Amino acid sequence: MANTKTFSREEVAKHDTEDDLWIIIDAKVYDLTRFKNLHPGGVAALLEEDIPGQDATEAFYGLHRHEVLERPQYKRLQIGVIEGEEPQLYGKVNGEISEVPYAEPTWLTPGYHSPYFTEGHREFQKVVRMFFDDHVYPDAQASLFLISLWAYLTSHTLQLRELDGKRPSQEVFDKMAEVNLHAMRMGPGKHLKGLKLMNGLVKPEEFDYFHELIVNQEMVRCGARGYGDGLLSGCVIGLPPVLNFGSPELKARIVPDILKGKKFICLAVSEAHAGSDVFGLQTTATKTEDGKHWIISGNKKWITNGVFADYFTVGCKTEDGFTVILVERSEGLETKPIKTAYSASAGTAYVTFDKVKVPVENTLGEEGGGIFVMLSNFNHERWVLCCCSARSQRLLIDECMKWTAQRQAFNKPLNTQPVVRAKLAAMIARTEGIQAWLENLTYQMCNMSYKEQANKLAGQLAFLKMYSTRCAAESAADAVQLFGGRGVTQTGMGRFIEHYHRAVPFDSLLGGAEDVLADLGVRQAMRGMPKNTRL
């Protein structure tokens with residue numbers, strides 16, 4: 001092959017003019033003579049001192065991510081390698097554990113130990129990470145001609161979808177269903193019975209919340225918040241009420257197709273005028289005279305996956321109070337997309353119910369007992385959000401540790417500045433604290449019944465979610481400062497930082513706003529105060 005030809009550095013140095021322009025990047029030789037006029041930064045950038053005919057490795061990595069060298073149109077510019085030298089730098093390797101300090105939780109870091117994670121969990125993590133890297137993230141379906149040049153040049157569905165706004169492809173859902181990932185995202189339970197999890201790697205009766213934590217944390221490594229929610233986050237919060245409170249007949253009819261990724265479900269509780277006030281909902285459900293159907297009217301807003309959902313787990317005001325009902329997409333039910341700060345891939349919807357007729361058999365739990373259905377569901381939803389927030393913050397650490405080590409400022413790496421190290425220290429400490437708290441609560445979940453979790457962990461999970469999202473906002477702001485202008489640019493070196501900073505408010509709102517959850521935690525603690533204690 002042409003790019004295996006060897007050159008000496010002295011030979012490369014002879015090609016140092018505008019009409020004969022070679023450079024070296026990490027022991028690889030590139031001929032930029034014909035490319036120079038196409039260079040996004042202009043010809044002048046390639047003609048600066050110490051670039052033509054020279055080793056431009058440091059200059060390149062000061063302005064570009066490694067993935068640029070792996071794109072076909074740039075890879076073909078390589079004409080050979082430096083004789084006797086081997087490339088030292090490489091990009092992402094599928095399934096690989098990062099060697100960047102604190103880019104992985106300690107239980108995945110060589111030399112560290114964990115009281116929670118077993119060798120079985122570690123093997124499960126390896127397979128799950130490789131699965132997402134191989135089958136979920138790569139570009140499979142997106143139409144390259146309908147999106148921006150930058151998206152065209154990337155090789156991942158998640159980045160393409162984050163821009164073009166289409167939901168993840170059915171092929172992705174089908175691939176996840178093959179190894180029963182949709183089912184595993186519901187947590188341990190009877191719904192796993194008889195399923196082959198990750199090709200038999202873990203038995204259904206052995207699957208625990210640490211396995212589910214692994215799935216949640218591996219999913220968010222993509223760094224594309226809207227696309228991630230498009231991977232059926234609506235199912236994660238919309239299906240558990242059906243599994244836990246639906247009739248056997250209802251579950252037998254709809255659950256199999258949902259877990260196979262053939263049908264989609266979402267949770268429809270939020271309303272524009274109610275916000276966090278569940279009892280303030282105005283969507284009503286009244287029974288027909290024969291008592292066989294509900295007639296539902298009202299609207300819901302900010303419903304994740306609502307645009308493409310087939311089923312809606314709906315909170316309604318009824319004669320007895322608050323009731324949760326499963327509504328199938330049918331006459332009178334309309335969904336419209338809502339444009340938010342992140343991608344339309346998430347399918348965020350405004351849902352209108354205009355006298356929608358629903359069989360009473362679709363009632364989840366008891367009539368008037370919807371608050372218990374929702375409160376039981378909120379714990380798992382908030383825990384999932386905490387799993388995702390903790391792992392997403394490690395993406396910031398990974399990016400910032402790399403950037404501050406390679407970015408030169410005042411002729412020194414950025415991380416030689418004390419103020420930079422202080423920001424890194426704060427980011428690391430926050431993330432390690434969140435993960436440790438999360439693992440502790442996950443252990444409690446593994447050793448508590450569903451009822452005990454609802455009773456004992458509501459306050460703990462409320463506090464953890466509030467703490468996680470506030471830490472996330474602080475770390476996102478610090479990361480922007482470290483990346484400077486690149487941190488507010490949607491392409492290039494700081495694109496993950498810009499995207500995270502723009503999307504991080506979602507976590508502070510979804511599943512309960514920070515202030516509401518903080519108050520919930522304190523109120524639960526107050527109820528547990530002993531009557532006989534005094535200062």
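## A buried cysteine and its neighbours

Let's start with Cys387, which is buried at a relative accessible area of 0% (buried means under 20% relative accessible area, exposed over 50%, and partly exposed in between, using a 1.4 Å probe and protein chains only). This is a predicted model, so local features need pLDDT of at least 70 and side-chain atom pairs count only at pLDDT 80 or more, while totals for chains, interfaces and linings use all residues. Residues are numbered from 1 along each chain as its sequence is written, and side-chain values use heavy atoms, with hydrogens and water left out.

A disulfide is a covalent bond between the sulfur atoms of two cysteines. How many disulfides are there here? The count comes to 0, where a disulfide is taken as a pair of cysteine sulfur atoms within 2.5 Å. For Cys387, the closest cysteine sulfur belongs to Cys388, and at 6.4 Å that is too far for a bond. Cys471 is in no disulfide either, with its nearest cysteine sulfur, in Cys386, 11 Å away. Cys471 is also buried, with a relative accessible area of 4%.

## Aromatic rings

A pair of aromatic rings is described by the distance of the centres and the angle of the planes. You'll find 16 aromatic pairs in this structure (rings of Phe, Tyr and Trp, the last by its six-membered ring, pair if their centres lie within 6.5 Å; planes under 30 degrees apart count as stacked, over 60 as edge-to-face and the rest as tilted). Take Tyr116 and Tyr443: their ring centres are 5.4 Å apart and their planes meet at 45°, so this pair is tilted. The two come from distant parts of the chain, 327 residues apart. Tyr116 is in the loop between strand 5 (78-82) and helix 6 (119-136), while Tyr443 is in helix 17 (residues 418-446). Those helices (H or I, at least four residues) and strands (E, at least two) are DSSP runs, numbered from the N terminus.

Is Tyr443 buried, exposed or something in between? With 39% relative accessibility, Tyr443 counts as partly exposed. Both tyrosines also belong to one aromatic cluster, made up of Trp107, Tyr116, Phe117, Phe210 and Tyr443.

## Charges over rings

Some rings have a charged partner (the rule asks for NZ of Lys or CZ of Arg within 6 Å of the ring centre and within 35 degrees of the ring normal). Arg167 lies over the face of Phe308, 5.6 Å from the ring centre. Over the ring of Trp294 sits the charged end of Lys287, 5.3 Å from the centre.

## An enclosed space

Rolling a probe the size of a water molecule over the atoms shows where empty space is left. On a 1 Å grid over the protein atoms alone, a cavity is a set of points where a 1.4 Å probe fits but cannot get out, and lining residues have an atom within 4 Å of a point. Grid points are joined across faces, edges and corners, and a volume is the space filled by probe spheres set on the points. The search gives 1 cavity of 30 Å³ or more, and the largest cavity has a volume of about 50 Å³.

Which residues line the largest cavity? Among them are Glu104, Trp107, Arg129, Gln217 and Arg391. Trp107 is a member of the aromatic cluster, too. Helix 11 (residues 209-219) gives the most to this lining, with 4 residues. The lining residues divide into 5 nonpolar, 1 polar and 4 charged (Ala, Val, Leu, Ile, Met, Phe, Trp, Tyr, Cys and Pro count as nonpolar, Asp, Glu, Lys and Arg as charged, and the others, Gly among them, as polar).

## Loops worth a look

Asn180 is in the loop between helix 9 (170-178) and helix 10 (181-184). Its phi is near 65°, a positive value in a residue other than glycine, and at 12% relative accessibility Asn180 counts as buried. Met198, in the loop between helix 10 and helix 11, has a positive phi as well, near 45°. Met198 is buried at 4% relative accessibility.

Now for an exposed residue: Glu319 has a relative accessible area of 82%.

Notes. 1 Å grid on protein atoms, 1.4 Å probe; cavity = no way out; pocket = protein on both sides within 12 Å on 5 of 7 lines; lining within 4 Å.
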